[in-house]
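Dear colleague,

Please find the structure below, handed over for your records.

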Amino acid sequence: MKPYVSLAALLTLAVATGCAPQTSANSASDRDDKSGTLRVWLFQEVGNEPKQKVVDSVVAAFEKAHKGTKADVEYIPVETRAQRVKAAFNDPKSAPDVIEYGNTDTAGYVHDGGLLDVTREFSAWSETKDTDPTARQSVTVADKVYGAPFYVGVRALYYRTDVFRELGLKPPRSLAELATTARTIRSARPDLYGLAVGGAYTYGALPFLWANGGELATGKDGSYAAAIDTGAARKGIKAYTDLFTDANCPPATCAGMGGNDTVTAFAAGKAGMAIGGDFSHAAVEAGKAKGKYAVVPLPGAAPGSIAPAFAGGNNIGVLKSTTHRTLAVDLMERLASKKTQAQMFDAMGFLPTFSDVRDRAAAKEPFVRPFVATLAAGTKFVPASPAWAQIDSSLVLPTMFQEVVSGKKSVDAASREAAGKMDDAFGSAG
């Protein structure tokens, strides 16, 4: 989930890396040089200069602390990221020592033998006591830690304050009220979607599933079984797909929409509500909705509750092939530290993964508060399996939603087929 590069794009690009073959070259290096040059790969943002300034200050302090050591930072375009990482895993001589990666990539990268186990160092790092539990989960595979959380992104409910005022509406307090409010807006203002929803918006749909007690899968330590076809999951699927009607968001238009499309519609003044991320704030501010919107946590099934949100974001890790383990881990910790995360929030709007740093950010910037409240209420993550990249790239969940929305299949039939595809992927991942 990030301000300038969509999480969907990161997940799509992760597919190629998830298929990278394991080779003998992936074995851990037996060297731990205490000087020399470390190579660092970070994501290039749209408007990268603020991020680079923060990183430059981190690198300067790192080099000052370690005489005879340099950190060579390269900002990698997202479009070529998958190929670069795959090549690095197979050729340690061209690989970086430290890397930024999407948090849904962790299990796949561990499966491919690319990331270094830093459990010991992470446990000894005093700052990690304040790490958000879901962020910690995003760097954990089979109870071992393979990186440090860098930032987190979640979604909440954007709504048009002028439309709500005009129609005498209040922010919905439950998912049932959300549906009713959406229909009310559409009825009174047929020029607007009530709630902009998308059949291809997986991370906007999942809170409905989770709020109704459903899960994507059950299991742990890389062994999973699909749970998308359980009674609770089906209830959530129905709650979401029922929003695709002419009385809210016409299926002919909305079935093919993704998350960016729904936020774009809201920003352009074409929707009364939308489910958007903290990273969507800049886009909304740049649109026609500027000055006429507010954000609240997406409500859950019970009145007054908050629906569990997907916790997206990025991590910083060390490649197993590094010949500078001690230095690389130190740089990883500096890049993902409380101080750096606070600076990254100021520079880029990235939400910190440390609860105390995040609370200070919310006190400083009011727009962050509903997202912090969402995180505090509890978030969810995808199964920690290398199969997730395959499931996502195969569009298993969007296909399921779209088949229901189009009327081609019932919720039961579509979820049963999706579960079968997920189980096939889990099985092939080992």
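Lys 364 pairs with Asp 346 in a salt bridge, with 3.0 Å between the closest N and O atoms; the term denotes a side-chain nitrogen of Lys or Arg within 4 Å of a carboxyl oxygen of Asp or Glu. Because Lys 364 belongs to helix H16 (residues 355-364) and Asp 346 to helix H15 (residues 338-348), the pair ties together parts 18 residues apart in sequence. Helices are DSSP runs (H or I, at least four residues), numbered from the N terminus. Lys 364 is partly exposed at 49% relative accessibility, and Asp 346 is partly exposed at 48%. Here buried means under 20% relative accessible area, exposed over 50%, and partly exposed in between (1.4 Å probe, protein chains only).

This is a predicted model, in which local features need pLDDT of at least 70 and side-chain atom pairs count only at pLDDT 80 or more, while totals for chains, interfaces and linings use all residues. Residues are numbered from 1 along each chain as its sequence is written, and side-chain values use heavy atoms, leaving out hydrogens and water.

The count of salt bridges comes to 24. Among them, Asp 412 meets Arg 234 at 3.5 Å, N to O. This pair links helix H20 with helix H10 (residues 231-241), 178 residues apart. Arg 234 is buried, at 19%.

Yours sincerely

Terms used: Helices (H or I, at least four residues) and strands (E, at least two) are DSSP runs, numbered from the N terminus.
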